[in-house]
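Subject: Model handover and findings

Hello,

The model we discussed is below. My notes on it follow.

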Amino acid sequence: MQRINLTVFKSFFKSANAGGILLLICVLLSLAIANSPWKDNLQAFLDYPLGTDFGSIHLRYPLLLWINDGLMAIFFLLVGLEIKREVVEGELSSPKKASLPILCAIGGAIVPALIYLSLNSGTITEGGWGIPMATDIAFALAVINILGKRIPASLKIFLAALAIVDDLIAILVIAFFYSSGIELTYLLYAGIGLVVLVVMNRLNVLNPYLYLIPGVFVWYFVHHSGIHATIAGVLVAMTIPTNDTEIESPLERLEHALVRPVNFLIIPLFAFANTNITLQSEMIDGLAAPLGLGITLGLLLGKPIGIFLTTFLCVKTKIGVLPKGSTWIHILGVGLLAGIGFTMSIFIALLSFSNPLHVSEAKLSILLTSLFAGLLGYLILHLSPKKIISENKKLDSKTITIGKSLDD
């Protein structure tokens with residue numbers, strides 16, 4: 001009997017772009033089902049309750065909530081691990097390295113938020129100001145990886161560092177502005193769990209999986225405290241031991257173990273569950289309303305303007321320098337790729353509005369704008385003067401784990 005040739009599948013899942021392609025497939029599939037006779041079946045599936053309640057322990061929630069608050073906590077755990085690794089040994093490990101991506105991420109977050117507020121201030125959609133601040137690191141890196149050696153490898157590192165800081169800003173925004181009804185008792189319990197994790201770190205516990213046991217309790221208590229449960233993932237990540245040597249640290253072991261499940265299961269599942277948008281005429285009209293325009297202009301104009309102007313000021317004041325081998329056209333292209341909000345923007349949209357129509361309008365605006373920003377950013381970078389530098393091979397060896405799969 002002839003065996004099935006799995007080489008093509010193995011090659012696909014080892015590709016740097018596989019996560020982004022799978023994500024796009026899930027979005028298209030979800031949209032197709034949401035606008036078909038099966039839309040009610042899909043919604044019923046997402047609303048199906050899972051888990052159990054016993055005594056004062058409440059763990060029975062709809063499938064959609066388990067995805068958004070449970071699985072996405074693992075995504076945020078990976079983001080937290082990436083942030084900590086970059087701070088300890090990567091592109092954020094020194095003021096000289098970190099200054100430009102940090103300041104650009106701040107500029108690329110403030111300008112979109114101001115554009116959104118200028119259009120929505122005083123309206124019922126004012127609370128969505130955090131939506132255009134976010135960058136989807138998986139999609140942005142997938143697009144820039146497609147360009148290969150047409151662009152300097154230093155530019156990929158710059159985008160990765162910028163997107164990581166952008167994620168940190170989004171995490172802080174969610175924690176401080178999109179959490180409500182703080183329950184101090186549960187917050188205290190979560191704090192005790194974190195103390196246990198810190199003690200484990202100080203006792204040099206090197207098995208990263210042991211940290212996940214108290215981590216589950218931290219997630220539960222944070223979830224019930226009123227702070228969004230995904231923040232627990234970041235808090236737990238900060239306690240995992242790491243180092244700045246060539247020896248693989250517990251943090252890196254856990255990071256490598258999570259990359260594929262996050263990129264090939266959690267993020268696509270989140271996309272599938274949250275882009276089941278049944279198109280309505282009101283939603284199309286909403287693209288030109290303050291909500292839709294705020295998101296579109298924030299991501300498509302605010303992101304590149306904020307990043308470009310901040311880079312310009314940093315270079316002129318000698319706070320930072322352009323990534324080696326890059327030009328101002330490259331910075332504009334990177335700014336547009338940062339306008340791919342998608343995962344994080346949709347996540348903040350879910351926290352911003354209680355009106356389902358506003359949520360759907362926001363999702364549609366995010367999807368269309370992210371698609372256009374990605375295409376425009378790709379074209380600008382693709383058509384930019386090809387400038388190969390000797391550092392490319394060395395820089396390409398750096399591991400950028402979020403948004404791509406690892407070969408090991």
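D166 touches A105, M133, A134, T135 and K303, leaving aside residues up to four places away in sequence. Contact here means heavy atoms within 4.5 Å. D166 sits in helix α7. Its relative accessibility is 1%, so D166 counts as buried. Buried means under 20% relative accessible area, exposed means over 50%, and partly exposed lies in between (1.4 Å probe, protein chains only).

Ground rules next. This is a predicted model, in which local features need pLDDT of at least 70, side-chain atom pairs count only at pLDDT 80 or more, and totals for chains, interfaces and linings use all residues. Residues are numbered from 1 along each chain as its sequence is written, and side-chain values use heavy atoms, with hydrogens and water left out.

Overall picture

The chain has 17 helices and two strands. Both kinds of element are DSSP runs, numbered from the N terminus: helices are H or I with at least four residues, strands are E with at least two. Of the 408 residues, 52% are buried. Take the contacts between residues at least 6 apart in sequence: 81% of them join residues at least 24 apart. The accessible surface is about 18700 Å², and carbon and sulfur atoms account for 69% of that. Areas come from the Shrake-Rupley method with a 1.4 Å probe; for residues, only the protein chains shown count as cover.

The hairpin

Strands β1 (residues 49-54) and β2 (residues 57-62) run antiparallel and are joined by six bridges. Strands pair if DSSP finds at least two bridges between them. G51 faces R60 in β2. Two residues separate the strands in this hairpin, and G55 in the turn has a positive phi of about 65°.

The core and F342

The largest nonpolar core has 106 residues. Such a core is a set of buried Ala, Val, Leu, Ile, Met, Phe, Trp, Tyr and Cys residues joined through side-chain atoms within 4.5 Å. Helix α7 (residues 153-177) gives the most to this core, with 14 residues. F75, F76, L81, I131, I144, I295 and F342 have the most contacts inside the core.

F342 deserves a look. It is found in helix α15. With a relative accessible area of 2%, F342 is buried. Its phi is near 30°, a positive value in a residue other than glycine. Beyond residues up to four places away in sequence, F342 touches L23, V27, D136, F139, A271, T275, I366, L367 and S370.

N204 also has a positive phi without being glycine, near 65°. N204 lies in the loop between α8 (184-202) and α9 (212-225).

Aromatic pairs

There are 13 aromatic pairs in the structure. Rings of Phe, Tyr and Trp (its six-membered ring) pair if their centres lie within 6.5 Å; planes under 30 degrees apart are stacked, over 60 edge-to-face, and the rest tilted. F76 and F347 make a tilted pair, at 5.5 Å centre to centre and 50° between the planes. This pair links distant parts of the chain: F76 is in helix α4 (residues 63-89) and F347 in helix α15 (residues 342-352), 271 residues apart. Both F76 and F347 are buried.

F312 and W328 have ring centres 5.7 Å apart and planes at 55°, so this pair is tilted. F312 is in helix α13 (residues 290-316) and W328 in helix α14 (residues 328-337), 16 residues apart. F312 is partly exposed at 35% relative accessibility. W328 is partly exposed too, at 27%.

Ring pairs also join F75, F76, F270 and F347 into a cluster.

Other helices

Helix α11 (residues 250-274) bends by about 50° at V262. The bend is the angle between axes fitted to the seven residues ending at a residue and the seven starting there. In α11, 18 of the 25 residues are buried, so the helix is largely enclosed by the rest of the structure.

S365 is in helix α16 (residues 356-383). At 1% relative accessibility, S365 is buried. S365 touches L287, G292, I295 and T296, again not counting residues up to four places away in sequence.

L235 belongs to helix α10 (residues 231-237). Its relative accessible area is 33%, so L235 is partly exposed.

Best regards
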